[in-house]
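This report walks through one protein chain.

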Amino acid sequence: MSKASRSTNPAVPETPAKGEHEGDVIVVPKGSSRARFIMTALLAMLVLTTFTVSGEVIDVLTGRNRAKNAYMTWRRSNGQVEDIKASDFLIIKQNLSKVQALLSGGRTSRDHDDSQTARHILADQLAQEAGIDVTDAEMAKTILAIFGSPDMYKRRLADYRTSALEFEQTLRSMLRVRRYEMLLAQSFTTPDPKDVEKQWKESHQEYSLDTIELPTERFAAEAAAACPAGDELKGWFDGLSETEKSTFRLQLEAKTSAEFSWFLLEHASSPERLLAKYPRPETENADDVARTWYEANKNLLYRKPGLPPGKTPAADDYLPFDEVKDRARAEGIVNQSMLDWLNGMKLREEKGEKIILQQEGSEMGLAYRQEVTPHTRAEWAGAMMAWSGKGAVESMFDPASGVGKILPDVNVDPKGLFVGRLLDRQESRMPAFEEVRDKVRDGWIKKKKGELALAKLEELRAKFSTGPDPADATSQLSVEADAAKFQGAAQELGLELKAQDWFDATARVKPGSATPFSQFLRRAAGRYGSTVGAIAKPEMSADHATAWLARVAGKRDPDPARMTPLEYQTVTQMASYESRNEFIQNNFLSDEFLKEHYGLELEAWRREDAEKSTGKK
């Protein structure tokens, strides 16, 4: 707006000349009533302070404590009080949650709470005051390690709708805080050697045990006498789960019997009578037959010799077609005639004609064999048939193959071309109870022997008083501190007690030295070792041949001279880690510590205190 327009506008008061009203507090525009102007100004101020003045302005005008009304306040090391308003606090909180989600690959949706955010803000300022910083090069290295590539970094930022500036500012502050905490914790990383030794002793306690090994065979006669028979035994078997039943009966495999007639390829049979019976038509191109045969069967018949078994086929693993062209032509033509014979037999079968495979094959100079006894797949493999592959065997077990019918295809094998007929097939099935009755009886007796052995050991255990189990508050533990009393009770029941000398249950097991009994001893010491006199619950060996029981006879600290350098290093590292973790937990993760040392106050805490005082939840 020009000066001319301002000077001609009567609504805009003229600017007083320099020096005019210089000492006045309130300057009234020329031509206005002084009293009316002052009343108008006071009324405007009243409206503004009543409806539109922010808390910060009211604080200034009223002199109220600004820090008291901030969302977060804390005291710096020099005594100066810092504060942050709610909007800024919320932005930091949201950024921390967003960056944490990005760093974790989106696996967590847990937001930072107000306490976490406040601790971060305070720790970040302390880190900066201590001169800790994160360089751009360190930032770039960290980002590349997290996201793998710049493109992935950009895509992930876009997924979370955040900018590189926002992300990197927050990440830099998080790295500063982590570095600051770790530097402060360094003074706690060297534990006292006495603490190291104490911790090593606690984790390598040595134990001595009194043990009983009770063979279940001792109860064989008693178990056999109690074994049910007839329908009672069958009823017990029927009540077992399918898993338990499977220990007594295995599924019987499918079996087949069949007859075969074949043309040898390995030591080629003469094709003259076959081709005379099923000649090739004049329209058939022998070279085309050869090429088709080669491509269809090169992996089976034309691989180069000396290739490693199981090698994935490659283009140069096969003999060139031109090199085996004559062989491929001869074999392809024979296969075509075998197919004509096969298809002709199928048509005749459909008409009800009886096919005598041996007779027809012999007339054409083909070999023949009949296997009347049904065989499983494994048994067929040992039947010394002329084939070397699995094609003929699998064709007999194919559901599409009908009993008494010619098999659907000519089976191509490295040794020959096979045409067959399925004579019989027995489907796989679970054996009936009658077929496994003796095995079920043996299983019942075996189980009963184990139960009797465990009952005998429980009888010994029940002779002693029980007390609370330190490892399980819901159960009771049998304890007998008097070794002589325990031994006497065992002898009364005819049980032999053996002493197991001192051993470390956590020691590395030497290769080949682990036995089921030694593993039981380690479990018993680890579970019950803290209580001298504790009697372990009896256990049964995996083969159900022996029942075990153990009593903790004693425990002691190991000889520190037995500590290896590696163990010392491991325990030292663990102690250092625990010390650092304890320091951080008791300092930067402790609200009480931060309140006491830095005067940290948070609006969320004030609200919680107010709700508690009024009884609100």
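## A bent helix

Helix 14 covers residues 286-301, 16 residues in total, yet its end C-alpha atoms are only 18 Å apart. A straight helix would reach 22 Å at 1.5 Å a residue. That expected span is 1.5 Å times one less than the number of residues. Helices here are DSSP runs of H or I with at least four residues, strands are runs of E with at least two, and both are numbered from the N terminus. Where does helix 14 bend? The bend is at E295 and comes to about 45°. The bend angle lies between two axes, one fitted to the seven residues ending at a residue and one to the seven starting there.

N285 caps the N-terminal end of helix 14. One of its side-chain oxygens lies 2.9 Å from the backbone nitrogen of D287.

## What the helix packs against

Buried residues of helix 14 are V289, A290, W293, Y294, N297 and L301. Buried means under 20% relative accessible area, exposed means over 50%, and partly exposed is in between (1.4 Å probe, protein chains only). Which elements do these buried residues pack against? They meet helix 15 (321-350), strand 6 (411-413) and strand 7 (416-426).

V324 sits in helix 15. V324 counts as buried because its relative accessibility is 7%. Beyond four places in sequence, V324 touches Y294, Y302 and L319; contact means heavy atoms within 4.5 Å. V324 and Y294 are 30 residues apart in sequence, and their C-alpha atoms are 8.7 Å apart.

## Two buried polar residues

T256 belongs to strand 4 (residues 255-264). Its relative accessibility is 0%, so T256 counts as buried. The side chains of T256 and W380 are joined by a polar contact of 2.9 Å. A polar contact is a pair of N or O atoms within 3.5 Å; within protein, one must be able to donate a hydrogen and the other to accept it, and residues adjacent in sequence count only if both atoms are side-chain atoms.

D114 lies in helix 5 (residues 114-129). D114 counts as buried because its relative accessibility is 12%. Its side chain makes a polar contact of 2.8 Å with the side chain of K93. With neighbours within four places in sequence left aside, D114 is in contact with Y71, F89, K93, L602, A604 and R607.

## The whole chain

The chain has 24 helices and 13 strands. Of its 617 residues, 36% are buried. Among contacts with a separation of 6 or more, 72% join residues 24 or more positions apart.

## Confidence and conventions

Mean pLDDT, the predictor's confidence in each residue from 0 to 100, is 85 for the chain, and 87% of residues reach 70 or more. Residues 1-19 do so, with three contacts beyond four places in sequence. Residues 46-67 do too, with twelve such contacts.

This is a predicted model: local features need pLDDT of at least 70, side-chain atom pairs count only at pLDDT 80 or more, and totals for chains, interfaces and linings use all residues. Residues are numbered from 1 along each chain as its sequence is written, and side-chain values use heavy atoms, with hydrogens and water left out.
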